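Reader: I have this model open in my viewer and would like to go through it with you. Please put the sequence and structure up here, and then I'll start asking.

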Amino acid sequence: MLRPTVKLQEFHAKTLLSRAGLPVPSYAVATTPAEAEEQAAGYFERGASAVVIKAQVLVGGRGKAGGVKLARSAEEAGQVAEAILGMDIKGITVRRVLVAPGADILRELYLAAVLDRTAQRIMLMGSAEGGVEIETLAEEDPDAIFKIHAHPQLGLLPYQAREMAFRLGLGDHLKQAAAICTGLVKVAIDEDADLVEVNPLAVVREDGPDGPVESLQLLDAKVTLDDSALGRHPGHERMRDLDEEDPTDLAAREAGLSFIRLDGDIGCMVNGAGLAMTTMDLVKRAGGEPANFLDIGGGARSDKVAEAMRLILSDAHVKAILVNIFGGIARGDEVARGLVEARSKQARSVPMVVRIVGTNADIAADILRESGADIVTATSLDEAVETAVALAGGGA
Ligand code: GDP
Ligand code: MN
């Protein structure tokens, strides 16, 4: 099923990678041009010949959109930061930039550890053609992408890491390349990430005491976390960028509701994931389209019901609401109270069909009737579904 994932900003992703011992160039984060200028000055003092200023927004292709720029002096870094801060990239306003010493890039490659749900393993994907968006590459030249599945318990085995390194043409950097391959898989497993992507992984040239030396560096990083595993990583919570998360997802999470928006027009409020799926199937069978998946969970109190109603109604496409509650731990009367309360406060009027059975269903029926609220009650599930579909103006 579709679920909201938690995307990390580049600088947070880089924190996880450098913590795992991987070669990430040093970086700083600035929110003002003056700050960026000062940080850049620090890098120039330590010998950098350029700095790179990068917009921190959760979208791909920042480079093409003008959100990644090099500067040759601290002053120029300040000007570049001024131009990038406040810039709109694919609908998101840039509030922060990353400042890092500019790399002298010889080659750009692609490397990522992704969760392959079908194989139930972490898969390492690599391509010698980095810098390009992987989706484009997958379409135009799928053979240019190498895939290796890691062992579920042991992670990426040494021979697998070496194989990937050779396939990417990194024989000259075998030790470092293999360590990076192993490291990306390890980060994916240790952090419960479903994606750890480095694009570009770059071969860079630096001045050493005996002339130029080549090495590998992780110049860009993208990490998405499995939001179901957030509870296992208290540190991840602080890395979330709430400003860029969908406000509906956020509100649902805060209220303890599982809510996923879909394309239809019948808002569904159900307790239990299985019952929610069944309800959605029945809506479809009756010729309707569910507007959402929503599990209000067991033992839902009336305030949770009211919040669920608010989330459903925040979708302008919703034309009817179907409430299907099987009272067990969740008591029918609590749900009914929540519905009446939500109904009295709702911003717009949408027909609502309610079917409540199980614990305190009789009290629930009394509450709904006595409230005088504009609620259609149904006794059977089929009846409830058909009524909701008809009220939404659809159906077979
Ligand atoms: P994205 O466009 O959002 O994926 O951002 P990236 O961080 O991948 O940057 C885009 C491109 O900018 C890279 O593919 C590089 O070609 C270039 N770039 C990024 N950092 C540096 C750097 O330190 N030095 C140089 N010369 N180019 C860089
Ligand atoms: Mn990139």
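Reader: Thanks! How far does a polar side-chain atom of Lys54 lie from an oxygen atom of ligand 1?

Author: Happy to start there, with a caveat: the model is predicted, local features need pLDDT of at least 70, side-chain atom pairs count only at pLDDT 80 or more, and totals for chains, interfaces and linings use all residues. Residues are numbered from 1 along each chain as its sequence is written, chains are lettered from A and ligands numbered from 1 in the order in which they are written, and side-chain values use heavy atoms, with hydrogens and water left out. A polar contact is a pair of N or O atoms within 3.5 Å; within protein, one must be able to donate a hydrogen and the other to accept it, and residues adjacent in sequence count only if both atoms are side-chain atoms. For Lys54 and ligand 1, the distance is 2.4 Å.

Reader: Which elements give two or more residues to the shell around ligand 1?

Author: A residue is near a molecule or strand if one of its heavy atoms lies within 4 Å of it. There are 14 residues around ligand 1, and those that come nearest are Lys54, Arg62, Gly63, Ala103 and Glu108. Helices (H or I, at least four residues) and strands (E, at least two) are DSSP runs, numbered from the N terminus. The elements that supply two or more residues are β3 (51-55), β4 (68-71), β8 (105-116) and β11.

Reader: How many residues apart in sequence are the parts tied together by Asn199 and Asp220?

Author: Donors are N, O and S atoms within 2.8 Å of the metal (3.2 Å for Na, K and Ca); water is not among the atoms, so sites may look incomplete. The manganese ion (ligand 2) is coordinated by Asn199 (O) and Asp220 (OD), at 2.2 Å. Because Asn199 is in strand β11 (residues 193-208) while Asp220 is in the loop between β12 (211-218) and β13 (222-225), the pair ties together parts whose separation in residues is 21.

Reader: Is Asn199 buried or exposed?

Author: Buried means under 20% relative accessible area, exposed over 50%, and partly exposed in between (1.4 Å probe, protein chains only). Asp220 has 17% and is buried. Asn199 has a relative accessibility of 14%, so it counts as buried.

Reader: What is omega of the cis peptide bond that joins Asn199 and Pro200?

Author: Pro200 has its place in strand β11. Its cis bond to Asn199 has an omega of about 15°.

Reader: Which side chain makes a polar contact with that of Asp333?

Author: Asp333 is in helix α11 (residues 332-345) and counts as buried at 4% relative accessibility. Leaving aside neighbours within four places in sequence, its contacts (heavy atoms within 4.5 Å) are Asn360, Ile363, Ala364 and Ile367. The polar contact, at 3.1 Å, is with the side chain of Asn360.

Reader: What is the phi of Asn360?

Author: Asn360 is found in the loop between β18 and α12 (361-371), and at 25% relative accessibility it counts as partly exposed. Although Asn360 is not a glycine, its phi is positive, at about 60°.

Reader: Why are the buried residues of helix α13 on the same side?

Author: The buried residues of α13 (residues 381-391) are Leu381, Ala384, Val385, Ala388 and Val389. The arc is that of the directions from the helix axis to the C-beta atoms. They share a side because they cover an arc of only 125°.

Reader: Which residues are exposed on the other side of α13?

Author: The buried residues of α13 pack against β15 (266-270), α9 (273-285), β17 (320-327) and β18 (352-358). Exposed on the other side are Glu386 and Ala390.
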